[in-house]
Amino acid sequence: MSPRSRPFAQVDVFTAEPLKGNPLAVVVDGTGLDETQMQAFARWTHLSETTFLLPPTLPGADYRVRIFTPGGELPFAGHPTLGSAHVWLQHGGVPRTPGRVVQECAIGPVTLRLDGERLAFAAPPLVRSGPVPADMRAQVARSLRVADAELLDVVWVDNGPQWVAAQLRSAQDVLDLQPDFAAMQGLKLGVVGAYPAGHALQFEVRAFVPDIGVPEDPVTGSLNAGLALWLIDSGQAPSHYIASQGAALQRAGRVHVSREQGHTWIGGDVVTLVQGQVWL
């Protein structure tokens, strides 16, 4: 099809302060674009994710989203979920249920709620959990340039994107990491460490995905969703906490986690930086 003008926005996710979170490009009307065109535009924006909003195909969904990194399509991702819902609402989207938005993506429907001005999505269930194989644990240690004894745990927290989580002794240990990205081939690796008791933040998080062109992601909703299920269920985190991510990249992402009535909500502020049209 011939290119045409389409509404477009670029937003900053998991921050209330512009330029401190994770940017997201959103093509508000992706109808008629095929996968090759979507992938080409995602490479061109060169952001960790670019999304395309489409009419829903599932009963009860408010809209459908396709999520692309520079290297491929994702079945689900957290910061694109919050950012896409924010843009959909800004462009006149009206939820079927007041206060709730149901997003359709490749893993199925994902429910979001409006928590004041802040959006939060329901953490999808883990499709894989528990300790990783010994050879993968060894690869994680090499990738992070740490001794095995420094790894408190290495587990699957896979809710679609195949995340592996490594737990270190402290938030400072997480911030001090100097990863070996060549050794990380094939891994989608999250790292978490706790802040001291009494600190305003509970955890520092970092996310590394070099295989898809994102050596380090500034703030990662899907990883934090998987971490929340693991840490709360194992008694290592309270039912409400705030995680920090992005400090190593001079960002200040804040992920607001809440366990209520059996649901785990992953919340974050979103600010719009760019609005206009894109020719696709």
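Biologist: What should I know about how the values were made?

Modeller: Residues are numbered from 1 along each chain as its sequence is written, and side-chain values use heavy atoms, with hydrogens and water left out. This is a predicted model: local features need pLDDT of at least 70, totals for chains, interfaces and linings use all residues, and side-chain atom pairs count only at pLDDT 80 or more.

Biologist: How far apart are the end C-alpha atoms of helix α2?

Modeller: Helices (H or I, at least four residues) and strands (E, at least two) are DSSP runs, numbered from the N terminus. The expected span of a helix is 1.5 Å times one less than its number of residues. Helix α2 covers residues 78-90, so its 13 residues should span 18 Å. The model agrees, with the end C-alpha atoms apart by 19 Å.

Biologist: How many residues of α2 are buried?

Modeller: Buried means under 20% relative accessible area, exposed over 50%, and partly exposed in between (1.4 Å probe, protein chains only). Among the buried residues of α2 are His79, Leu82, His86 and Trp88. The helix is mostly covered, and of its 13 residues the buried ones number 11.

Biologist: Which residue just after α2 takes a positive phi?

Modeller: The phi angle is about 95 degrees. The residue is glycine 92.

Biologist: Are the ring planes of tyrosine 63 and tryptophan 88 stacked, edge-to-face or tilted?

Modeller: Rings of Phe, Tyr and Trp (its six-membered ring) pair if their centres lie within 6.5 Å; planes under 30 degrees apart count as stacked, over 60 as edge-to-face and the rest as tilted. That rule gives eight aromatic pairs. Here the centres are 5.2 Å apart and the planes lie at 35 degrees, so the pair is tilted.

Biologist: How many residues apart are tyrosine 63 and tryptophan 88?

Modeller: Both residues are buried. Tyrosine 63 is in strand β4 (residues 63-69) and tryptophan 88 is in helix α2. The pair links distant parts of the chain, and the separation is 25 residues.

Biologist: Which residue's ring does arginine 128 lie over?

Modeller: A charge sits over a ring if NZ of Lys or CZ of Arg is within 6 Å of the ring centre and within 35 degrees of the ring normal. Arginine 128 is at 3.6 Å from the ring centre. The ring belongs to tryptophan 156.

Biologist: Which residue meets glutamate 260 in a salt bridge?

Modeller: A salt bridge is a side-chain nitrogen of Lys or Arg within 4 Å of a carboxyl oxygen of Asp or Glu. The whole structure has 10. For glutamate 260, the N to O distance is 3.2 Å. The partner is arginine 113.

Biologist: Is arginine 113 buried or exposed?

Modeller: Glutamate 260 is partly exposed, at a relative accessible area of 31%. For arginine 113 the value is 11%, so arginine 113 is buried.

Biologist: Which strand holds glutamate 216, the partner of arginine 206?

Modeller: The closest N and O atoms of the two side chains are 2.9 Å apart. Both arginine 206 and glutamate 216 are buried. Arginine 206 lies in strand β13 (residues 203-209), and the pair ties together parts 10 residues apart in sequence; glutamate 216 lies in strand β14 (residues 214-217).

Biologist: Which residues are linked with Arg66 in a network of salt bridges?

Modeller: The network includes Arg66.
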